[in-house]
Amino acid sequence: MSTIISACVPNSDFNAPQPNCDNILAANTTFQELEEMYSGDAFRIQEDLIIEGYVISSDEAGNFFNEVYLQDKTEGPTKGLLLEVELSPAYLHYPLDTKVFVKLKGLFLGMSGETLKLGSSFTSFGNVSVGRLPALKVQDHLIAACDESGSVVPIPTTIAQLDQVGSNTLIKLKDVEFGEDELGLNYAEPQEETIRILQDCEENKIELLTSGYADFQKELLPGGKGSITGILKRDGEKYQLVIRDITDLDFANERCPEIITEFTSKDIFISELADPDNNTGARFVELYNSSNQALDLNLWTLRRYTNEKTEVSSSIDLSGRVIAAKSTFVISPNAEEFELVYGFPPDMSVSTNSPADSNGDDNLELVDPFGTIIDVFGVVGEDGSGTNHEFEDGRALRNSEVTQGNPTYTFGEWIIYNDSGDAGTINQPQNAPGDFTPGHFD
């Protein structure tokens, strides 16, 4: 009897469907070429075209429904797309990381926001859009490779760098947490698609989109900080992240330090100004936070008065920037050249002719949101040439004893190198990188 039973039931996985796979198919177009076919209206593909991709979504935990997301590569993908299907559960047929071929002939191609979509046709009030492909048709168009699969590697990135990542691809955000207002909440409200806000330590934000039907809907949001993996959706400048399951989160680290938002903190000041004699592209301005807490620069500005001008010539809006405790903040007018010269990227990249691009005879002010001058270099209305605040072809370095900003220029707080400054300054031009210390203030 046991022999008969063994012969009839080869394995105990009664839910696993028979594989629908193919080793002969080959792609003859790409995700990019497919997107270029779209001209604004949904249409039916008539050519015998095939693309290949990798499955990055899963409906096992219920956060995806009748959707299969694909991206074009396992590592470093450029694009992803959505295949709308009437297939649930889809993960049994097309598990995560499965390499698949999509036969495009007969499918409708459309776009929603920046999401490229494939499926059947859906007509509403005479307008054709992409709808779900019937279950019986899915295996005619979506075919798994029999002996090829890959381990999809999420793109490591940050919220601030999302514009460098392809839409509908799998990403991994690092050093993020849920905002204070989100703590104590569930992932989603029952039976409602819910948005929760993720942020990094600089308060850059992204929406986390969760289905009210997900298995983990009632789970509380984690209170720590860490990494999260999910599919990136984009619509213009709006970004959303969708996870497969709560195992996509690892928030075991301590939360970001509390950010002080007091507008008149004098713990921020100008610590170094650079006008290298050998490379004007290596100019920069450095700020320093002498406090023991991170400081938020929302609505702060750095202003430049060119030569003897008494009206602001240019300014930098520092909103959205945070200076960590006991840390510098380097601003460059030429980020590419700065990194080539000093070996690391600046904290902020701005334009030429900005306060970070002074040729050494200009005056600068650091101003809080109420217009209060927190720190100053130079004397507004006085051309710096030949004075004790000239740093042409040189460097202005704040004395290490300084711990707060000063709204009145005080020469004794600075060590100044130049090519022709007044007595007390050092007439010795400085060359980059060796004569400068961006990122360090002791």
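# Close-up views of a predicted protein chain

**View 1. Confidence along the chain.** In the protein chain of this predicted model, confidence is lowest in helix H1 (residues 2-8), at a mean pLDDT of 38, and highest in strand S20 (residues 284-289), at 98. The pLDDT is the predictor's confidence in each residue, from 0 to 100. Helices (H or I, at least four residues) and strands (E, at least two) are DSSP runs, numbered from the N terminus. The chain averages a pLDDT of 91, and 94% of the residues score at least 70. Over residues 1-18 the pLDDT stays under 50. For that stretch the model has four contacts (heavy atoms within 4.5 Å) beyond four places in sequence. Residues are numbered from 1 along each chain as its sequence is written, and side-chain values use heavy atoms, with hydrogens and water left out. Because this is a predicted model, local features need pLDDT of at least 70 and side-chain atom pairs count only at pLDDT 80 or more, while totals for chains, interfaces and linings use all residues.

**View 2. Strand S20 and its two partners.** Six of the six residues of S20 are buried, so the strand is largely enclosed by the rest of the structure. Buried means under 20% relative accessible area, exposed over 50%, and partly exposed in between (1.4 Å probe, protein chains only). In a regular strand the side chains alternate between the two faces of the sheet. Here Phe 284, Glu 286 and Tyr 288 point one way, and Val 285, Leu 287 and Asn 289 the other. Two strands pair if DSSP finds at least two bridges between them. Strand S19 (residues 268-274) pairs with S20 in the antiparallel sense over six bridges. In this pairing Leu 273 stands opposite Val 285. S20 also pairs with strand S25 (residues 327-332), again antiparallel, over five bridges. There, Leu 287 stands opposite Phe 329.

**View 3. The largest nonpolar core.** Which residues have the most contacts inside the largest nonpolar core? They are Leu 287, Leu 318 and Ile 331, in a core of 27 residues. The elements that give two or more residues to this core are S19, S20, S25, strand S27 (363-367), strand S28 (373-377) and strand S30 (414-418). A nonpolar core is a set of buried Ala, Val, Leu, Ile, Met, Phe, Trp, Tyr and Cys residues joined through side-chain atoms within 4.5 Å. Leaving aside neighbours within four places in sequence, Leu 287 is in contact with residues including Phe 269, Ile 270, Leu 318, Ile 323, Phe 329, Ile 331 and Leu 366. A second, separate core has 26 residues, among them Leu 49, Val 55, Leu 107 and Leu 142.

**View 4. Helix H4, one face in and one face out.** The buried residues of helix H4 (residues 335-342) are Phe 338, Val 341 and Tyr 342. Seen down the axis of H4, these fall within an arc of 75 degrees, so they line one face of the helix. The arc is that of the directions from the helix axis to the C-beta atoms. The buried residues pack against S20 and S25. On the other side of H4, Glu 336 and Leu 340 are exposed. Gly 343 follows the helix, with a positive phi near 90 degrees.

**View 5. Salt bridges.** A search of the whole structure finds 17 salt bridges. Each is a side-chain nitrogen of Lys or Arg within 4 Å of a carboxyl oxygen of Asp or Glu. Arg 255 and Glu 180 meet in one of them (3.6 Å, N to O). Arg 255 lies in the loop between strand S17 (249-253) and strand S18 (259-260), and Glu 180 in the loop between strand S12 (170-178) and strand S13 (194-200), so the pair ties together parts that are 75 residues apart in sequence. Arg 255 is partly exposed, at 24% relative accessibility, and Glu 180 is exposed, at 58%. A salt bridge also joins Glu 207 and Lys 238 (3.9 Å, N to O). Glu 207 lies in strand S14 (residues 205-210) and Lys 238 in strand S16 (residues 238-242), so this pair links parts 31 residues apart in sequence. Glu 207 is buried, at 18%, while Lys 238 is partly exposed, at 44%. Shared partners join Glu 177, Glu 180 and Arg 255 into one salt-bridge network.
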